[in-house]
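These are my notebook entries on one chain, set down in the order in which I looked things up. The sequence and structure come first.

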Amino acid sequence: MSTSTRLRIGITLGDCAGIGPEIVDLALKSGRVPDSAEYVIIGRQPDCKPGQPTMETARAAAAALEEAVTLARRGELHAIVTGPIHKARMYEAGFKFPGQTEFFAERCGVKNFAMCLTGGKITVALVTAHLPLSEVSCALKQSEIVRVGLLLVDFLPRRSSVEADRVGAAAAAGLTALSSQLRIAVAGLNPHAGESGKLGREEIDIIAPAVAELQSTISNQQSAIFVGPLSPDTLFHRLIEGEFDAALCMYHDQGLIPLKLHAFHNGVNVTLGLPFPRTSPDHGTAFEIAGKGIARPDSMIAAISLAVELAGRSCSCS
């Protein structure tokens, strides 16, 4: 792909009864998204009332996802930004996936993928994502921790370059100073990282061996240091203080609660492992404020901007 090719970024509106259409419109009119790309709104907007999702709005959201991934796989889009969907209504309309992350992975035939969120001084990747909490321990595997850890190592240098370009080298160093050797904190599953086995053995039997395997796997490249398993209750303070560049988290809320507390209005969801960049705001449909003129576009602006930067780097490297 030529570096002179104008980037085309597809944007889905999500469930149109939510704030998706508002924040996309505000973002594109804000003057805060890159003007180097062409933005293509994907899908149709059925008639609906703000805050009142219907089967029709759910079907339209699903159809937009199908159209977007088809265009991206044909090479007609360089990246996709997705608006928030209402998954409960989508399930009723026949959507078979736990979330949009899994949808894109399946449609692209990708098995090696992961959910990652980034904003401010926090970047987290999730070993397990859309699972009931009661199933996490059984689902946690050494091989999965290693797999997602390697995807995170691949993503972090690109994230670092994007931040350096956007806010300048000095400011980027203030966000999280990524050195030539990345430092990645690996969270434990249990309180106090299991307390030497007294509060659970997952750290001893699964997570610690995975950390050792990760370190062994990348030792020849010397590109990253994995540290853990660490007690989750102090890990994120250490991350924000700059001791680490990112965190590898064992389950959904372990990573998303601190991310959203720290960077709710500029956090971005990124699907790792796809053949094209896919980003999304880190919030939901917010039906309760739809149509009231108070929705903030900051997270959508961040999602669009990151998608453009990642797509540009992919194009320049191809």
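Entry 1, helix H1. I began with helix H1, residues 20–29, and found Gly20, Pro21, Glu22, Ile23, Val24 and Ala27 buried. I take buried as under 20% relative accessible area, exposed as over 50% and partly exposed as in between, with a 1.4 Å probe and protein chains only. Helices (H or I, at least four residues) and strands (E, at least two) are DSSP runs, numbered from the N terminus. After H1 comes Gly31, with a positive phi near 75°.

Basis of the entries. The model is predicted, and I note that local features need pLDDT of at least 70, that side-chain atom pairs count only at pLDDT 80 or more, and that totals for chains, interfaces and linings use all residues. Residues are numbered from 1 along each chain as its sequence is written, and side-chain values use heavy atoms, with hydrogens and water left out.

I checked the length of H2 (residues 55–73): at 1.5 Å a residue its 19 residues should span 27 Å, and the end C-alpha atoms are 27 Å apart, which agrees. The expected span is 1.5 Å times one less than the number of residues. I then listed the buried residues of H2, namely Thr57, Ala58, Ala60, Ala61, Ala64, Leu65, Ala68, Val69, Leu71 and Ala72. They cover an arc of only 165° around the axis, which puts them on the same side of H2; the arc is that of the directions from the helix axis to the C-beta atoms. The buried residues of H2 pack against strands S1 (7–12), S2 (37–42) and S3 (79–82) and against helices H3 (87–92) and H4 (100–107). Contact here means heavy atoms within 4.5 Å.

H2 is followed by Gly75, whose phi is positive, near 85°.

I traced ten strands in an open sheet of mixed pairing, in the order S2-S1-S3-S10-S9-S4-S5-S8-S6-S7. S2 and S7 (224–230) stand at the edges with a single partner strand each, so one side of each is left without a neighbour in the sheet. Two strands pair if DSSP finds at least two bridges between them. S3 and S10 (residues 278–281) pair in the parallel sense over two bridges, and Val81 stands opposite Thr279 in S10.

I looked up Leu248 in strand S8 (residues 246–249). Leu248 counts as buried because its relative accessibility is 0%. Leaving aside neighbours within four places in sequence, its contacts include Ala125, Val127, Ile145, Ile184, Leu214 and Phe226. The C-alpha atoms of Leu248 and Phe226 are separated by 9.1 Å, with the two residues 22 apart along the chain.

Thr271 lies in strand S9 (residues 268–272) and, at 5% relative accessibility, counts as buried. I noted that Thr271 touches Thr101, Ala114 and Arg278, not counting residues up to four places away in sequence.

I recorded a cis peptide bond from Gly228 to Pro229, with omega near 0°; Pro229 is placed in strand S7. His192 lies in the loop between S6 (182–187) and H8 (202–218) and has a positive phi near 55°. Ser196 is in the loop between S6 and H8, and its phi is likewise positive, near 55°. His192 is partly exposed at 43% relative accessibility, whereas Ser196 is exposed at 73%.
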